[in-house]
Amino acid sequence: MKIAAFDFDGTIYFPDGLAPDIAEAIAEWQAAGNMAVAATGKSYNEAYRALAGSGVEFDYSILATGAVIADKNRQVVHHAGLDRETVAQLVHGLVGNPGTNVYGISSTGLDYCFRECVITADTGVITEVAYASPEAIPDQDFVAVATWTPDNPQVQDAIHRWARENFAVESTKNQGFVDILPAGTTKGNGVEWVAQHAGWDREEMEIYSFGDSWNDLSMFRLSRQAFSFPWAPRDVQEAAGTVVGSAAEGLRRLLA
């Protein structure tokens, strides 16, 4: 079984929508008997909003960087949550960072913002939220706490270190974002989980992955071949090993 796993933002999805030719290329890949898997930091709600009207139907969707996994029918088949006390401690520790948007990512519902957030297409992951104060965190099922620190990599790095050093969590960096997740939650572990759920042995699988940021590295490490892009950070390009002009171009190389 061949599996292609696709990051969304900066890989197949951009501020003006889905990349040209990617829906057709994914359909060709699936028609050849292969599996296409979403592997995104987007929440359940945001990912399916992004796909609306595209015609793309992933065989599985690894959402919120692996905290939620849904099947082809969009039914959640795996879920890992943060306990409410951890969410409260994270939110209270983060809202004081200047210029930082702080979000609570829900398992399937609307995501929350815990301060006055700037919601624009540039945030990529989060475009529609409910608002809550840090003092009144909803009794909600949160799978992640995310921060967006545009144009401030120093603050992003500091948040990443703080989360890893002070909590039993996973912390992954995206471009502008830090996602704080249940321990052991990564895109790579999500791909492994999908394979097991589908009933395949690891030895039976050929994994190919497409991504543009650091939270994609865990699935790059599983891959027979990984693809990145000229706009990705240099170390991400180097980790992928293959740089292409688009995800559709890379996928069609595999089909050739």
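Before anything else, a note to myself: by contact I mean heavy atoms within 4.5 Å. I am working from a predicted model throughout.

**Entry 1: Thr149**

I started with Thr149, which I found in the loop between S11 and H4. Is Thr149 buried or exposed? I looked it up: Thr149 is buried, at a relative accessible area of 2%. I then listed its contacts, skipping neighbours within four places in sequence, and got Gly99, Thr100, Val155, Gln156, Ile159 and Gly176.

**Entry 2: the whole chain**

Next I stepped back for an overview. I counted eight helices and 16 strands in the protein. The radius of gyration came out at 17 Å, close to the 18 Å that the globule rule gives for 256 residues, so I noted the protein as being as compact as a globular protein of that length. Along the principal axes, I read a C-alpha span of about 55 × 35 × 35 Å.

I also checked the cover. Of the 256 residues, 57% count as buried. The protein exposes about 10600 Å², and carbon and sulfur atoms supply 46% of that area. For contacts between residues at least 6 apart in sequence, I found that 57% join residues at least 24 apart.

I then turned to the loop between S1 and S2, where I found Thr11. Thr11 is buried, with a relative accessible area of 2%. What does the side chain of Thr11 make a polar contact with? I found the side chain of Asp7 as the partner, at 2.8 Å. Leaving out neighbours within four places in sequence, I have Thr11 in contact with Phe210, Gly211, Asp212, Phe229 and Ala247.

Ile12 sits in the loop between strand S1 (2-6) and S2. I have Ile12 down as buried, at 1% relative accessibility. Not counting residues up to four places away, Ile12 touches Phe6, Asp7, Gly17, Leu18, Ala19, Ile22, Phe58 and Ala247.

**Entry 3: helix H2**

How many of the eight residues of helix H2 are buried? I got six, and so I can call H2 (residues 44-51) mostly covered, with buried meaning under 20% relative accessible area. The buried ones I wrote down are Tyr44, Glu46, Ala47, Tyr48, Ala50 and Leu51. What covers these residues includes strand S2 (13-14), strand S3 (17-18), strand S5 (60-63), strand S6 (68-71), strand S7 (76-79) and S9. Just after H2, I noticed that Gly53 takes a positive phi of about 80°.

**Entry 4: helix H3**

At the start of H3, I saw a side-chain oxygen of Asp83 reach to within 3.2 Å of the backbone nitrogen of Glu85.

**Entry 5: aromatic rings**

I searched for ring pairs and found 12 aromatic pairs in the structure. Trp29 and Tyr208 form an edge-to-face pair, 6.2 Å centre to centre with 85° between the planes. I noted that this pair links distant parts of the chain: Trp29 is in helix H1 (residues 22-31) and Tyr208 in strand S14 (residues 206-210), 179 residues apart. Trp29 is buried, at a relative accessible area of 1%, and Tyr208 is buried at 6%.

I also looked at Phe114 and Phe142, which are edge-to-face at 6.0 Å centre to centre and 65° between the planes. Phe114 lies in the loop between strand S9 (111-113) and strand S10 (129-131), and Phe142 in strand S11, so I see the pair tying together parts that are 28 residues apart in sequence. I find Phe114 buried, with a relative accessible area of 1%. Phe142 counts as buried at 1%.

Phe6, Phe8, Phe58, Phe210 and Phe227 form one aromatic cluster. I also found the charged end of Lys173 over the ring of Trp214, 5.2 Å from the ring centre.

Terms used. Residues are numbered from 1 along each chain as its sequence is written. This is a predicted model: local features need pLDDT of at least 70, side-chain atom pairs count only at pLDDT 80 or more; totals for chains, interfaces and linings use all residues. Side-chain values use heavy atoms; hydrogens and water are left out. A polar contact is a pair of N or O atoms within 3.5 Å; within protein, one must be able to donate a hydrogen and the other to accept it, and residues adjacent in sequence count only if both atoms are side-chain atoms. Helices (H or I, at least four residues) and strands (E, at least two) are DSSP runs, numbered from the N terminus. Rings of Phe, Tyr and Trp (its six-membered ring) pair if their centres lie within 6.5 Å; planes under 30 degrees apart count as stacked, over 60 as edge-to-face and the rest as tilted. Buried means under 20% relative accessible area, exposed over 50%, partly exposed in between (1.4 Å probe, protein chains only). A charge sits over a ring if NZ of Lys or CZ of Arg is within 6 Å of the ring centre and within 35 degrees of the ring normal. The radius of gyration is taken over C-alpha atoms; the globule rule is 2.2 Å times the number of residues to the power 0.38. Accessible areas come from the Shrake-Rupley method with a 1.4 Å probe; for residues, only the protein chains shown count as cover.
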